Amino acid sequence: MLRSMNNIITGILSLIKGLIITFNNNFTSATTLQYPDEKKAMTERFRGLIDLYPEKCVACYQCVKACPTACLAMTHKQTDEKKKITNTFTYNIELCCFCGLCQQVCPTGAIYMNKIYEITTYERNKLYINLLNPEKYDEWPHTSPK
Amino acid sequence: MFTLLNLTNMITTGIAVLGFIAISAMFLIWWERKVSAHIQTRLGPMRVGWHGILQSVADAIKLLLKEDIRPAGADKLVWWLAPFFVVVPSVMAFATIPFGKTLIPKDLNIGVLYILAVSSVCVLGVFMAGWGSNNKYSLLGGIRAAAQIISYEVPLILSMITVVMYANTLSMQKIVESQSHSWNILHPNLALAGLIYITSATAEVNRAPFDIPEAESELVAGFHTEYSGMKFAMFFIGEYTNLFIISAIATTLFFGGWKGPLLPGVIWFLIKTYSIIYILMWIRWTFPRLRVDQLMGFAWKFLTPISFLNLAIAGWLLL
């Protein structure tokens, strides 16, 4: 008898506790972001699309060799001072698996991954990117500063 | 005497009630989504209109445009009639709800009895929907609904009888008048009756934590699994109209009805009713669902004896 009464009282108290918790939630700000209007900044190590600083690139082909899906393709030319310069550098997003190996092997930090994550397009052509073009990602929605 | 004036009066009242039901149901659906969202630290509908207030209108248009699918092997007539059996009684129950001093469709001298009689028909519609759909989940939902609603009607009626004993009348308007000095809920005996009423009324309208007839995780959607388009919308309207009605009855019987200082009666009535609805929503989005046997045990082994005891004490005090 005493135990069942105790059960009832603790039960009612726990119900009230639950009600207080859910009521307090009314006054905390919502965790939802209104997506197309508000966008979350990506973390520092986020692996978005592959990007390049053309002036740092020494045309060593390390990234092309490291790429497991062969989505990077490069050609180079030699200057008169016997220095290699990248001639073409293309990136095929269709094949990319966003592993980040190219970023890891790059000796000069020329190739890196940016913060773009809205990577759907209406045309297939747009997925073939010329990394040497400085305006290559200008049309893409940027969620955080380049 | 039945005159033309009577007829126009009836028609205007009917249109007013139907309009109120439609707007109230749409508002309640939006409000429920908002309340649930804020309780779960979400935002809820935000796109259609200011803070998504027109979301229900958009949903209603979508439901009107949807195909009305009838499952193979359904009991045609029963299946077709079920939504009407859910909606019509809840509309009829509006007849004796006092919104204000003169704002009552018809002040019957057996108002409480009338509402109880009319709202009991709802269970028939729910069971018809379950039976007519030719679907095992619907049938299980229908059976559960019948068992639950009939069980919880006992403590519900017993708690309402306690109020009737104190007010000495069955007329809703006179019950409000009897609370001129203080609300019934402030009387200890009637406060217990009020608590029992709110609990069993929540079960009557199949709302969580007593929502086993439409338990999503067990029965898909229970008795209205097979309904689509406007028939589904009718179940939805019926559900939210019933929610309004139980809160309106609670306001009338326990919280002084339309009585209140300064503001006009109808405003007071709506404030009180929607506050009770908020509490019911708050409860719905806080507590988990009960098991079937716990639910039936709670009705028969706990609520019914307590309401009987309460009734006996009320009788002894009144003697």
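**Figure 1. Overall view of the predicted complex and its confidence**. For the complex as a whole, the predictor gives an ipTM of 0.72 together with a pTM of 0.82. Within chain B the mean pLDDT is 86, and 99% of the residues of that chain reach 70 or more. Confidence in chain B is lowest in helix H9 (residues 216-219), where the mean is 75, and highest in helix H11 (residues 265-284), where the mean is 90.

**Figure 2. Chain A, a chain of 3 helices and 5 strands**. Read from the N terminus, the elements of chain A follow the order α-β-α-β-β-α-β-β. The radius of gyration of chain A is 26 Å, whereas the globule rule gives 15 Å for 146 residues, so chain A is more spread out than a compact globule. Taken along the principal axes, the box filled by the C-alpha atoms of chain A is roughly 100 × 30 × 25 Å.

**Figure 3. Strand pairing around S3 of chain A**. Strand S2 (residues 72-78) and strand S3 (residues 84-92) of chain A run antiparallel and are joined by 7 bridges, with Leu72(A) having Tyr91(A) of S3(A) as its bridge partner. The two strands S2(A) and S3(A) form a hairpin with 5 residues between them, and in the turn Lys82(A) has a positive phi of about 60°. S3(A) is also joined by 3 bridges to strand S5 (residues 128-130) of chain A, again in an antiparallel arrangement.

**Figure 4. Chain B, a chain of 12 helices and 0 strands**. From the N terminus onwards, the elements of chain B are written α-α-α-α-α-α-α-α-α-α-α-α. The radius of gyration of chain B is 20 Å, close to the 20 Å that the globule rule gives for 319 residues, and chain B is therefore as compact as a globular protein of that length. Along the principal axes, the C-alpha trace of chain B spans about 60 × 50 × 50 Å.

**Figure 5. Helix H6 of chain B and its bend**. Helix H6 (residues 136-167) of chain B has 32 residues, and the distance from its first C-alpha to its last is 46 Å, close to the 46 Å expected at 1.5 Å a residue. At Glu153(B) the helix H6(B) bends by about 30°, and a proline, Pro155(B), follows within four residues of that position. After H6(B) comes Asn168(B), which has a positive phi, near 65°.

Methods. Residues are numbered from 1 along each chain as its sequence is written. Chains are lettered from A and ligands numbered from 1 in the order in which they are written. This is a predicted model: local features need pLDDT of at least 70, side-chain atom pairs count only at pLDDT 80 or more; totals for chains, interfaces and linings use all residues. pLDDT is the predictor's confidence in each residue, from 0 to 100. The expected span of a helix is 1.5 Å times one less than its number of residues. The bend at a residue is the angle between axes fitted to the seven residues ending there and the seven starting there. Two strands pair if DSSP finds at least two bridges between them. The radius of gyration is taken over C-alpha atoms; the globule rule is 2.2 Å times the number of residues to the power 0.38.
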